[in-house]
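Hello,

Please find the structure below. My notes on its cores and aromatic rings follow.

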Amino acid sequence: MSENEISPKFSVLKSKATPTFSLRTGGGEWAMVYLDEVHNLFLANTSFGVFSHNWHPAKHETLRDFILGLGGDSHYITKKIAIKNDYFYAKETGEAIKAEIKKRLKLNLISSEEAREALVELIEVVDICFNHDSSLPMQAILMERGAILKILDEYESIPFITGPDPQTKAFMTVIWPCIIDYLKREKANDGPDNTPKESEACPA
């Protein structure tokens, strides 16, 4: 293997024996990326976790070209490689519930005392559920305590916030642009032996 300095943004270590290359960002994050063109496997072992997916390119399309074609579709890619797509965000859920309480107070649908009781309960519930990646604990506590459910009228109106897990979000923000940038430059240089000399895509 030989290391090729891409820029102050990130560097690449390319293996000539296997379809593997390593990335290290200026901020210290890293990734070892494996592209298996035979089995159409993408795998990235990174400082944010391990991400993989089997894609199925068209008959005459390489996996590299297929991934490049997906490069800008972050929503689709995230959905495919996420460690957890329905990760529960307690803090964001708390902010959404707080906004609903304030809206009802402004419209005079609830009293100041009801709003105060609900907000006190909300602070306690968010604190308890902060490290949970599922909304189930919060659902159970809200049903048990009742002040917030009383204000929001019905359980279905509670805005539970879920989405891709934080590790996947970080991977897509920090590492994925580096991968796409490297593959673009590798393709433009017609192979790994002409490793590109600079890049601006990877966050420091």
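**Nonpolar cores and rings**

The largest nonpolar core has 27 residues, of which F42, W55, I67, F171, W176, I179 and L183 touch the most other members. Such a core is a set of buried Ala, Val, Leu, Ile, Met, Phe, Trp, Tyr and Cys residues joined through side-chain atoms within 4.5 Å; buried means under 20% relative accessible area (1.4 Å probe, protein chains only). Helix 7 (166-188) is one of the elements that supply at least two residues each, and its share, 10 residues, is the largest. Helices here are DSSP runs of H or I with at least four residues, strands are runs of E with at least two, and both are numbered from the N terminus.

This is a predicted model: local features need pLDDT of at least 70, side-chain atom pairs count only at pLDDT 80 or more, and totals for chains, interfaces and linings use all residues. Residues are numbered from 1 along each chain as its sequence is written, and side-chain values use heavy atoms, without hydrogens and water.

A second, separate core of 19 residues includes F88, A118, C129 and L149.

There are 8 aromatic pairs, counted when ring centres of Phe, Tyr and Trp (its six-membered ring) lie within 6.5 Å; planes under 30 degrees apart are stacked, over 60 edge-to-face, the rest tilted. The rings of F42 and W176 have centres 5.7 Å apart and planes at 80°, so this pair is edge-to-face. F42 lies in strand 5 and W176 in helix 7, so the pair ties together parts 134 residues apart in sequence. F42 is buried at 0% relative accessible area, and W176 is buried at 4%.

Regards

Technical notes
Buried means under 20% relative accessible area, exposed over 50%, partly exposed in between (1.4 Å probe, protein chains only).
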